[in-house]
Amino acid sequence: MEPARGALRASGGAEALLGELEVRVQDVVRVSSWWERHGVDCAILALSLLALPPGFLCLRSENLLAFALGVTILGVCHYTLTVKGSHLATHGALTESKRWSKIWVLFFVEVCTSFTAEHAKYGHVKMHHGYTNVLGLGDSSTWRLPCLNRYVYMFLAPLLIPIITPLVAVERLRQVELGTALRTLGLISLGLYSHYWLLLNVSGFQSPSSALVCMLITRSLLAHPYLHVNIFQHIGLPMFSRDKKPQRIHMMSLGVLNLPRLPVLDWAFGHSLISCHVEHHLFPRLSDNMCLKVKPVVSQFLREKQLPYNEDSYLARFRLFLHHYEELMVQTPPITELVGLQ
């Protein structure tokens, strides 16, 4: 009976801590305007859509600098729509309307990202957020490829993400209803063909092969930091077993890491994936801008309660993964035991 009572006390204490933090964060959200809660991020996504025509037109130029500018514009806009847009839409953080949330999920995840909306929500929201760093559930193991050595994985594998993503999506369609599969196939095809058609008819590419190569280049422009960020912020931190996972506030403070602010990645990936990842895991329905706004509240609270608040630089994490690749990305990670907190 004593261990059971201890577990109940630990559970109650953790719930009280999380409740206290939620009150502080909700106080900030309550006094924030619509522009702060949703408008800033919607504006960034709108600007990315508006920047696409100039990007395609730049590719018509024979001037190398103008062509490179076009590739950069299209690449950054692609990742802003597919990473930031899809991430916010999947969490319902773009709008408070359920109807519009469903529409944005289909647009950003299926049309822009070439993935399935159902599996994006299940894999990311239900599994990764519900079981953060729990082995076999939300432990980021989908990013591990033990068959690849460290240099191939860290430097070459990211270039294949634009090709692998729609292939994985098609494979996952076997698990959904026929109507859903047909809708997803149609929206993915619409997104890919639209990109291809615009390169031929607006950018003036003369051959299908050159248009396809340009598609691959723009869609892999930020693939390296995208892959790196997804492994840096969870792998290498405490991992938990399914039957002894800690309470939510301990799970998120221990198993999530923030990177410093990086202007290009802040814009294209969003604050919730870069410098406010801890805040995002604690409050996943907040927009990127709101995660940034509540960051001082969350960091102060966790430090005040003597809870971990993990932070590290991109370069430091890169060196860690390069030097300890076998331990972090190949071998099964050890389970962290937190006495009295599971």
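1. Basis. The model is predicted: local features need pLDDT of at least 70, side-chain atom pairs count only at pLDDT 80 or more, and totals for chains, interfaces and linings use all residues. Numbering starts from 1 along each chain as its sequence is written, and side-chain values use heavy atoms, with hydrogens and water left out.

2. The largest pocket comes to about 1600 Å³. Among its 49 lining residues, Phe115, Thr142, Trp143, Tyr226 and Asn230 are the closest to its centre. A pocket here is an open set of points on a 1 Å grid over the protein atoms alone, where a 1.4 Å probe fits, with protein on both sides within 12 Å along at least five of seven lines; lining residues have an atom within 4 Å of a point. The volume is the space filled by probe spheres set on the points, which are joined across faces, edges and corners.

3. Pocket lining. At least two lining residues come from each of α3 (64–90), α5 (117–129), α6 (150–156), α7 (161–172) and α10 (223–232). Helices are DSSP runs (H or I, at least four residues), strands likewise (E, at least two), numbered from the N terminus. The lining holds 26 nonpolar, 20 polar and three charged residues. Asp, Glu, Lys and Arg count as charged; Gly is among the polar ones.

4. Annotated span. An unreviewed UniProt entry lists residues 65–311 as "domain: Fatty acid desaturase". Such annotations may be inferred rather than shown by experiment. The span is 63% helix and 2% strand, and its end C-alpha atoms lie 37 Å apart.

5. Helix pairs. α8 (178–201) packs on α9 (208–219) at about 120°, axes 9 Å apart. The crossing is right-handed. α3 and α4 (98–112) cross at roughly 140°, with axes within 8 Å. That crossing is left-handed. Axes are lines fitted to C-alpha atoms over the stretch in contact, and angles run from 0 to 180 degrees between N-to-C directions. Left-handed means the near helix is turned anticlockwise from the far one by less than a right angle; right-handed means clockwise.
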